[in-house]
Structures are given as C-alpha cells and as structure tokens.
Amino acid sequence: MTKDMSYEAVMLRKGEIMKKAIGIDYDKYESGSIAFDYEKMMRETGYSLQEVQEIQRSVSVGNTPIIELKNLTKLARKLAPKGKGARIFIKDEACNPSGSFKARRASVSCYHAKKLGYKGVIAATSGNYGAAVASQAAIQGLKCIVVQECYDSRGIGQPEIIEKARACEAYGTEVVQLTVGPELFYTFLILLEETGFFNASLYTPFGIAGVETLGYEIAMQLREKEGRDPDAVVVTNAGGGNLTGTARGLIKAGALDTKIIGASVNLEGLHMASDIQFNKKSFTTGHTGFGIPFATWPDRSDVPRSAARPLRYMDRYVTVNQGSVFYMTELLAQLEGLERGPAGNTSLTAAFKLAQEMDEDQIIVVQETEYTGAGKHVNAQLTFAKENGIEIIIGDPSEEIPGKNIILPKDPSYININDIELDRIRKSYIRNAINHTGVRSVTKEDLEFLAKDTKTDVEFIKNVLDEFGVKY
Amino acid sequence: MDAKRGDWVRIHNIILEAGQRAQNVPEDTQKVPLEMWVKGFLLDESANIGDRVKVETYIGRVVEGTLVEVNPYYKHNFGKAVPELLYVGRQARKLLLEGDEKDD
C-alpha cells in the first residue's frame, strides 16, 4: 500500500507519527479540558535528577565552570547608583561537548532513544541543538538527521545556521536544509515516518529534564563558592525549555528565593516565516519571534504537550536589542578573556543592566555561554547584516528598528532592558488555551492548572476569564 | 560528465510549489516554493549538473533530486572587517581605569 504523501495527508497523520516517534502516550495526562497533569507527565516519562546526572556524567556533559565576571561587574558598578551593582557570574556552558547547554537536552533524548531501541534520532532545529543531538547520537552510536530552516528563496543562508549544519556533518549527521517556512514540519514528519527514528524534540520531558541539572549545578556551585544561592538567574528565552529546565533544577536544589528572569533579543516587527525578512535578522534564536509565541502558547511545538512551560517559572521577562548583545559579546572577550558566540550572550546583556538595579552584595547568574566560530561570530553577523541592507550605527540602542538597523551602544551606559508586561503575556496565554481547546466553560481543575501554568493564582485567572466573558 | 558513481554531491528538490504553501505563511513566502537540499554519494553511474539523480546520504538514506554541486563545501567565514566595533574594547578598558585613578 502506498501512503498518501500530500501535505494535507501527512499533516493528518501527525498524531500517529508522533506517538511512534516519541513513545509517549500523552492522552494519559489529559483531563479532556484545558488542564493536563504536567508534573505526572514529567515524573512518569522523564528521568529523575539523579538519573540525568548519571547519564550526563557518562557522556561528559555538564559540570561546566561558573565564572565570576569581575571586570564586567566593576564596569556595571561605575554606571550604577552608590551601593548598587550585583556581582555577575556566568555558567560557561560552551564547555559542553558540542559547545552549548543544548548538549544537556540532547544527552537525555539520545540516551532514551538508544534505550528504547531506536536506530536513529531526528531533530528539527536550526540552532545549537542540532550539533548537540548530532554529537550525542555519535556517542550513542545512533544515526542522526537534522532538519534545518536555512535559506531564503535566493538560496542565501544565514551564516549562523550554515555553521550549525557544518558542525552536524562533522559528527556524521545527515543535514536536510530547507528554505523558510513552517512547512518544515511536513518534511520532518515524512522523515520520521520513513526512518522510524526517534523524535529528539526539544519539548519532551527528556529534553527538559536534561536542563534541570544546569539549574541544580548553579545552586550547588554557588553554595560551594559563596555559601549562598543566587538572587537572580537570567535565562535567554526562545522556546522556553532553557528557562523551564533551569528553574526546575533550582527548585530541586531548594533555591526557592532565586528570581528567574527571561531575556530575549527584540525582533519586533519581523515575521519569522517571511522569506524576505528571514535574512534581515542577526539572531536566529533567543529572540522575541520565538520567545513570545512559545510563552503565550507552549503547545505549538512538535509534541502534543510541551514540557517547556516558561510562564510557570518566569518572574520577569525583559528584552534587549541586537546591537547591545553584539557589544556585550565584544566586552566579554575584551574584559573577561572569554570569546563566546553572540546568541548566548543575550542573557548576559540583560544581566549587565539588571545588576545595576541590584545591591552590591547580591549575585546575578547568567546561565549560559555558547561556542563561537565561523558564521557564529559578531563580525560574521554584522558583515552579513550589512550585505542584507541593515545599517550599523553607533548610538542609542533604544532607537534600533529590527530589520532596518543595528545600533551599538555608544558607551555601556546606553545598554538598556525593556520589561515585557507579564500579565499581558499571561492573558494572551489564557486566551490561547481557551481558543485551542474550544471549551465553553472552564472547570475547577482548569482554573488551578492555569494559575500554576502562569505563576499566578485562581483569583487572577477568574478576573481574566470575567474580562473575556468566559464562564467557570 | 560532472560526477561519477560514489562522488560526494549535493542535490535539490522542490517540496511544495509556490501555489501549495500552507495557508498561514506570509504572502511573500506563499509566492516562492519550499526548497530542500541534501548531500550524499552519487548512486548513478555518471551525471551532469541539472540531471535527476539518486544519492545515498551519509547515514544511508536514498534520496532522489536534481544534481546541483559536486564536492560541496562550506563558504561561511568570520566576515569582513567591521570598523564600527573597534571602539568597544578600548573605550571599556579606559572607563574601567578612570575611577581607579581617582581613588588612588
């Protein structure tokens, strides 16, 4: 029997393909309404923190150094009011085998795929996760395919994504490169069906459990070094998994008072699925084009229920501009002797400003760095930006218009953050939850679930529902 | 003849034609096809650029497509000189020292 391979037919087989490719029966955790049992899903399908630690130790993932950025702290204090300027620490995740924290996520997925007897893994990713899965698959002796959104219709590829393709091939992975468009998912499904490989999604409980060790290590390392927990941890936020896993790890370590701050590069106005705008951006991840849609509707991912639920854990969400992140990448190299990739420095840029609001005796942790190389480099990105008609200006970053210019701060006092109003994001999430499930009235279980999933309370949810005119 | 059996090549395919794109994609993307590139070892005895060929990918999958490149390689790099960036380190180092001089 030949299967119908048309776009519509393959998309209709999505549920069936995914079930085979992940091996999780998500229906078990559904309530039939908005709510689902998140913690039960994480517990039953994931791995315990201790198991993850053992898996990661066996493949040399994790236990990366935590470094105090003394010169950057000193510079921040010069710009801060007297008595302000928290100490800035950074978790050097670039030390992982594939050069980013994504090795943590990939290690658990690949271990699991191997355990279940899959012959290979597939990941749909244009980011560091591709190289991470490729590296971990190589360790486990699994075949690997990475599907990338890479080129615009002129065949011009984003340098950072091309570098990721190169890295994947270095690990013996097959890279399938596509032009812009969410129909990447169609190709992804066809490949899963054809090969019977495991879907090493970023959004399964395995992927998130893999990041929990990062949060846990931060708490443990700081306790050892400084005898205390961090006051704040800043996480670059895109699909929400980095933030979710890190926060869960901190909670598991008992660091309950640590504030979790998400940071994204502001790409407002650029449509992520636009062919023309694809190469007008200088960041391919860690930006608002993923951060906002995934926060307001996490279940848009490639699995039925995403284990990455950033609003559950986020205390604050800020944006920074592209120019400031490039500037901070330069500063990290010039003042701290750490040459790292730009995208990972999104949270560092936010932390530099946040530290100036905090007291001198407080500690703020930037929870990642990533490797740098050809394509994944400030010069490569700025050269590419110029070639695509983007103007590079030294001035006031608050005037940056994504897709038109990149503004480097004329001195460090011009580095700024913008707060995203979390209640607005929460409301948008609640609206999406209602629309996607099509419920007419919200159950008591839903109310409690929504309160948890937005880090609010039932009163807040009731007020929002009243505003929307939805019964409960 | 551009390539012979066993050569490492790159092939190209149209996955969705311009008129077949998903409804939710922006207008500019609707107007262009969804394209795909993949690399592999040529399975045909010989072929020229532009021919329809079959390849075996690095992990052993067989894929058909149009031959576009033989011995493909990466051309991404560290970019050109970006003079706009040169002030960053010098300025920051100077700012760091300034206060110290006053303290002394």
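Which helices and strands of chain A do the buried residues of helix 15 of chain A pack against? They pack against helix 8 (159–170), helix 13 (322–336), strand 11 (391–395) and strand 12 (405–409) of chain A. The views below begin with this helix.

This is a predicted model, in which local features need pLDDT of at least 70, side-chain atom pairs count only at pLDDT 80 or more, and totals for chains, interfaces and linings use all residues. Residues are numbered from 1 along each chain as its sequence is written, while chains are lettered from A and ligands numbered from 1 in the order in which they are written.

**View 1. Helix 15 of chain A and its buried residues.** Helix 15 spans residues 378–387, and its buried residues are A:Val378, A:Ala380, A:Gln381, A:Leu382, A:Phe384 and A:Ala385. A residue is buried if 20 or more other C-beta atoms lie within 10 Å of its own, exposed if 12 or fewer, and partly exposed in between, with C-beta atoms placed from the backbone. Helices (H or I, at least four residues) and strands (E, at least two) are DSSP runs, numbered from the N terminus.

**View 2. The contact between chain A and chain B.** Chain A supplies 49 residues and chain B supplies 35 residues; two residues are in contact if their C-beta atoms, placed from the backbone, lie within 7 Å. On the side of chain A that touches chain B, at least two residues each come from helix 5 (70–79), strand 4 (143–151), helix 8, strand 5 (174–179), helix 13, helix 15 and strand 11 of chain A. Helix 15 of chain A gives the most to this side, with six residues. By class, this side of chain A holds 24 nonpolar, 15 polar and 10 charged residues. Here Ala, Val, Leu, Ile, Met, Phe, Trp, Tyr, Cys and Pro count as nonpolar, Asp, Glu, Lys and Arg as charged, and the others, Gly among them, as polar.

**View 3. Strand pairing between the chains.** Strand 5 of chain A pairs with strand 3 (residues 34–42) of chain B in the antiparallel sense, over two bridges. Two strands pair if DSSP finds at least two bridges between them. A:Leu178 stands opposite B:Met36 in strand 3 of chain B.

**View 4. Strand 4 of chain A.** Nine of the nine residues of this strand are buried, so strand 4 of chain A is largely enclosed by the rest of the structure. Strand 3 (residues 120–124) of chain A pairs with strand 4 of chain A in the parallel sense over five bridges. A:Gly120 has A:Lys143, in strand 4 of chain A, as its bridge partner.

**View 5. The largest nonpolar core and A:Val133.** The core has 160 residues, and those with the most contacts inside it are A:Ile88, A:Val121, A:Val133, A:Val234 and A:Ile364. Helix 10 (residues 205–226) of chain A gives the most to this core, with nine residues. A nonpolar core is a set of buried Ala, Val, Leu, Ile, Met, Phe, Trp, Tyr and Cys residues joined through C-beta atoms within 7 Å. Leaving aside neighbours within four places in sequence, A:Val133 is in contact with A:Ala106, A:Ser109, A:Cys110, A:Val121, A:Ala123, A:Cys144, A:Val146 and A:Ala200.

View 6. The loop between helix 4 and strand 1 (66–68) of chain A holds A:Ser60, which counts as partly exposed with 13 C-beta neighbours inside 10 Å. A:Lys455 is partly exposed, with 18 other C-beta atoms within 10 Å.

**View 7. B:Pro83 in a loop of chain B.** The loop lies between strand 6 (62–70) and helix 2 (87–103) of chain B. B:Pro83 is exposed, with 8 other C-beta atoms within 10 Å. B:Pro83 and B:Arg10 are 73 residues apart in sequence and 36 Å apart in space, C-alpha to C-alpha.
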